Amino acid sequence: MCTQYPVVLVHGWSGFSTILGYPYFFGVKEALEKKGADVYTASLSGVNTDDVRGEQLWDFIQDVKRKSGKEKVNLIGHSQGALDCRYVAAVYPESVASVTSVDGANHGSESADALRASYEPGSCKEGIVALAVNAFEKAIAFMSGHPCEPEDFIASLDALTTEGVQAFNQKYPQGLPEVWGGEGPENVNGVYYYSWSGIIKDGICEQGLNELDPLHLWMKHGAKTFVNEVDQNDGLVGRYSSHLGKVIRSDYSMDHLDAINQLAGIRTNTVNVIDLYTEHLDFLRSKGV
């Protein structure tokens, strides 16, 4: 016996479901299905606001409900995907059994703050970068089989800054901690809220095959942009910025992309990420969802 409701995996910023068969959540869907779960992977705009992506996710969930015959789903969102899950759970709580945030930007990203500060609003530089990123994301969407998804780099960047997420949180506060670094309520309006995340700190995640991973090197560079959660971040999101609902743990030895088992799981020194997902599946089952 597995979870009562289907599991929906939700990708983060600049993400995808699969590209030419290569998955965003590397090996996760297969591992959950092996344990008997009914698993679906959403495909949203790579770069856009949480309201836009949230409505896309809602459309996807309605399709999952029709296919599965179930009235609710368990949402697992990585990075910005956690915000999209929260949007759906807040607006359509009757269709969501649980929200699990994996390295979610639930209080914004200092990396997004730094990137946004490098582009003056309305400047030529901002316009050129936006055109390039939007074109790139259109290509990714085409290769993933979803070419009609709207892309808006600047809107997505604004949405992920600390200020942008603060505005989002004012509208959709469900599951948020009242105290910085603390836990939020586990259940709000019948929806369970959970989170887990990792950090790069004092050499952790910096040995073995992980040092050959270009994505990890990018995360290490991103970690240097942090001002407030120095040595307490995963390269893109701060440890306490990720907290939502009941915190499973927020200091796993993994960077932001290790959390989705990328790049192709070529690590030797971090936690077994697949185990985190399968163990969480058992946990959700124990909650009856």
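The model is predicted, so local features need pLDDT of at least 70 and side-chain atom pairs count only at pLDDT 80 or more, while totals for chains, interfaces and linings use all residues. Residues are numbered from 1 along each chain as its sequence is written, and side-chain values use heavy atoms, with hydrogens and water left out.

Start with the cysteines. A disulfide is a pair of cysteine sulfur atoms within 2.5 Å. By this rule the count is zero. Cys 85 is in no disulfide. The nearest cysteine sulfur, that of Cys 2, is 18 Å away from it. Burial is judged by relative accessible area: buried means under 20%, exposed over 50%, and partly exposed in between, with a 1.4 Å probe and protein chains only. Cys 85 is buried, because its relative accessible area is 0%. Cys 148 counts as exposed, because its relative accessibility is 72%.

Next come two packed helices. Helices (H or I, at least four residues) and strands (E, at least two) are DSSP runs, numbered from the N terminus. Two packed helices are described by the angle between their axes and the distance between the axes. Axes are lines fitted to C-alpha atoms, for helices over the stretch in contact, and angles run from 0 to 180 degrees between N-to-C directions. Helix H4 covers residues 110–117, and helix H6 covers residues 153–160. They pack at an angle of about 130 degrees, with their axes 8 Å apart. That makes H4 oblique to H6. The classes are these: under 35 degrees is roughly parallel, over 145 roughly antiparallel, 65 to 115 roughly perpendicular, and the rest oblique.

Which residues make the contact? On H4 they are Ala 112, Leu 115 and Arg 116. On H6 they are Phe 153, Ile 154, Leu 157, Asp 158 and Leu 160. Contact means heavy atoms within 4.5 Å. By class, the contact of H4 with H6 has six nonpolar, no polar and two charged residues. Here Ala, Val, Leu, Ile, Met, Phe, Trp, Tyr, Cys and Pro count as nonpolar, Asp, Glu, Lys and Arg as charged, and the others, Gly among them, as polar.

Now turn to Tyr 92. Tyr 92 lies in the loop between helix H3 (80–91) and strand E6 (96–102). Tyr 92 is buried, because its relative accessible area is 17%. Tyr 92 touches Glu 55, Trp 58 and Tyr 87, not counting residues up to four places away in sequence. The C-alpha atoms of Tyr 92 and Ser 242 are separated by 22 Å, and these residues are 150 apart along the chain.

The loop between strand E9 (246–253) and H9 holds Leu 263. A cis peptide bond joins Gln 262 and Leu 263, with omega about 0 degrees. Asn 261 lies in the loop between E9 and H9. Asn 261 has a positive phi of about 65 degrees although it is not a glycine. Asn 261 counts as buried, because its relative accessibility is 9%. Ala 264 also lies in the loop between E9 and H9. Phi of Ala 264 is positive too, near 50 degrees, in a residue other than glycine. Ala 264 is partly exposed, because its relative accessible area is 31%.

Helix H9 itself spans residues 273–286 and includes Asp 282. Asp 282 is partly exposed, because its relative accessible area is 28%. Asp 282 and Asp 113 are 169 residues apart in sequence and 36 Å apart in space, C-alpha to C-alpha.
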